[in-house]
Amino acid sequence: MAQKKNTQPATTGSTQSKSAPPKAQPANSPKPMPQPKQKAGIGISKSATEAPLIPDVYANWVIPAIIGLLTFLFFKTIINNKLTNWDDLGYIITDPLIKDSSMAGIKRIFGFDGFYEACVMGNYHPFTILLYAIEYSYHGLEPMIYHLDSLLLHVLCTIAVYFFTKVFTRRPVAALVTALLFGLHPMHVESVAWGAGRKDVLYGLFYVLTCTTYIKYIRTIGKQKLYWYLGGILLFALSLLAKSVAVSLPVTLFLFDYFENRPLFIIKEDGSKSLNFMLLVEKLPHFGLSLLFGILSIYAQKQIGALASLDANFNVFERAALGCYALTNYLWKCVVPSGLCNFYPYPLKIGDALPFLYYSYLALIIGLIFVVWRFGRKNKVVIFGIGFFLINIVLLLQFLPVGGAIMSDRYGYIPYLGLFFMAGWFVSDFFEDKSRIGTGKIVLGIAVVYCLILGYVSNERCKDWYDSISMWKDDAEKHPDGPVAYFYLGQEYFTRYEASVNANEKKMLGDSSLYFFNMSMARKPDYINPLICIGELQRNYGLIDDAKATYYRAMKISDKNESVYLGLGVVYSIKKQFDSAAYCFQKGISLKAYFPEGHSNYANYLDIVGKVDSSLIEYAYAIQQNPDALIPYMNRARIYMRLTKYDLAIKDYDHAIALKPEDAEAYYLRARCYAQKGNNQRALSDVEKAKQLGFAQIDPAFYQSLKK
């Protein structure tokens, strides 16, 4: 009887030669599946003597090099970008963990001194934090190095995707298309251009490498099989240490088993089925690691209350509708990546009800599932690609609420690989039949042009990430009814207001900051963050009673916010109500373990009331938590000057000048210290530097005495 032709993808479970005699099968082993005939095409030959249409030197070197170069060129705009005020503050700028790369510091990063101390913004990502620490030890807070390294990691990940697909499919064309889509897609810009997005490209790189080693493990026989297996577990652990969302990988591995004809259930000779325990046993280490990091992730998120949404509480049915809405958007933006932004807010409820439009997405997703099941369930490529996408995106669809965004571009970094794989296989299929190679070249050309268009869109999207203002203005334009973008715009203008020394510029920046804070409050009146910032602006404007009223208004929203008590502590200090000030400072510090601003302001209060020794202790805490904050160094140096500890004062002024070389006052005060030590030459140099920088409070008599 003629054997029926197998239309499934050509896959094998080992590297055993086809000419080897068949071995006797145990009674309970699965019946061998018929092997499909391979069609001649790119990378595949009819016989062992027929050369592939793409020589190995091109498939293994030239093509991946071109893909890597294109990815770098389209994304290189980010190298000149700044760090932003959105999570870059917590992960890089003010993160005390990255500022100590000693062995003791590395132990803290990995949690050996306490798990919660190793969590950053409710996440346990020690491998990612370690890379930041290495960068900081050599380059400080120079933005270029962080962006350059993220881009290089993305290029490496893209090349890894190419070789993963090439190894998996044995089709260089499929690898080419898949890697181009992965490297150039605009939905990946956020993960690469955002300093705090490093965790995505890092976990993604090791996730892809783990998948590649698993394929090698499946197809290898002999001693090397164990090496591939152990190497895969190590790579998986690194992926989890970079970002715990990699917990989905063990389930993903079953897709590779399915694709490689490794059935989960074995058909016995009597027709009954039994579970293939080997497939489960070999994944026990993977599931064990996933369970561990899943638990750690939940604990870390609960620590800061991240398991909640910003705008509203939704019931289970509403969550399902919103999850389907997000899933639909991920699918659509994969094909048509328009309207991208860094923050997608939850929809506002109307009369405590979710708008009916969102429930329609439930029906749409159910319909898509039916279509795939009806027409694609026997197609291994479709099942693998869609399965890969769904397994890796499902935990990010906000069925379990995390944070205040309904979706994020970065969440598609690895899940999209499944969809890109399907596209790559579709294009490569034309080259598996010599009669269709001509058509295949046209289709491949269209695919490459499409990828280049995606690259152009990505390049333009990188410009939106230039700095905090460009990023949040873009978000505000796309979500004008959301409060978050206006708050962060106000915060950025307020930061620039505090740093400005020009009176007119300071007034303009302060007014801009207040405008955006009010815009944010108008959209969400119980949004506490902009309200606290308004109080701080009022305090800076000298409107002390107004600031006090604003802080108490904020306290009605939440009496557990440390910044409310900090603001009230400063207000009471100004009003010389020191008992109330002490209570507020201490309360604020007790609410948050990492609170350098709280310690710094409390230290200033202690100095005012004459508790100098206690003040120095608090300044030490502030500097330990944030070595890059200018004010604690300046204030502590002034205390040392009063105590005539000029060497210590000079050391603090050195730190201050290193942090802000344009700070004229630091030079002048350091000159005072040098003069007291008799080093008039250094003192004169510092005074002249202060004068050059525009310091207007130089004592003429002191200046003249140094010139003698």
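These legends describe an overview and several close-up views of one predicted model.

**Conventions.** The model is predicted, so local features need pLDDT of at least 70 and side-chain atom pairs count only at pLDDT 80 or more, while totals for chains, interfaces and linings use all residues. Residues are numbered from 1 along each chain as its sequence is written, and side-chain values use heavy atoms, with hydrogens and water left out.

View 1. Helices (H or I, at least four residues) and strands (E, at least two) are DSSP runs, numbered from the N terminus. The C-alpha trace spans about 110 × 65 × 45 Å along its principal axes. Of the 708 residues, 51% are buried. Buried means under 20% relative accessible area, exposed over 50%, and partly exposed in between (1.4 Å probe, protein chains only). Among contacts (heavy atoms within 4.5 Å) between residues at least 6 apart in sequence, 70% join residues at least 24 apart.

View 2. pLDDT is the predictor's confidence in each residue, from 0 to 100. Its mean over the protein chain is 90, and 91% of residues reach 70 or more.

**View 3. The largest nonpolar core has 176 residues.** Such a core is a set of buried Ala, Val, Leu, Ile, Met, Phe, Trp, Tyr and Cys residues joined through side-chain atoms within 4.5 Å. Phe256, Tyr330 and Trp472 have the most contacts inside the largest core. Helix H9 (residues 198–219) gives the most to this core, with 12 residues. Leaving aside neighbours within four places in sequence, Phe256 is in contact with Phe164, Phe168, Cys211, Tyr214, Ile215, Ile218 and Phe384. A second, separate core of 33 residues includes Ala649, Ile650, Ala656 and Cys673.

**View 4. Ser239 sits in helix H10 (residues 224–242).** Ser239 has a relative accessible area of 0%, so it counts as buried. Beyond its neighbours within four places in sequence, its contacts are Tyr203, Phe206, Tyr207 and Ala246.

**View 5. Helix H27 covers residues 612–625.** Its 14 residues should span 20 Å at 1.5 Å a residue, and its end C-alpha atoms are 20 Å apart, which agrees. The expected span is 1.5 Å times one less than the number of residues. Ser615, Leu616, Glu618, Tyr619, Ala622, Ile623 and Gln625 are buried. The buried residues of H27 pack against helices H25 (578–591), H26 (596–608) and H28 (630–642).

**View 6. Helix H31 (residues 680–692) has its buried residues on one face.** Ala683, Leu684, Asp686, Val687 and Ala690 are buried. Down the axis of H31, its buried residues fall within an arc of 165°, so they line one face. The arc is that of the directions from the helix axis to the C-beta atoms. Exposed Gln681 and Gln692 lie on the face turned away from the buried side. The buried residues pack against helix H30 (664–676) and helix H32 (700–707). Just after H31, Gly694 takes a positive phi of about 95°.

**View 7. The model has 0 disulfides.** A disulfide is a pair of cysteine sulfur atoms within 2.5 Å. Cys451 is in no disulfide, and the nearest cysteine sulfur, that of Cys334, is 11 Å away. With a relative accessible area of 1%, Cys451 is buried. Cys119 also counts as buried, at 11% relative accessibility.
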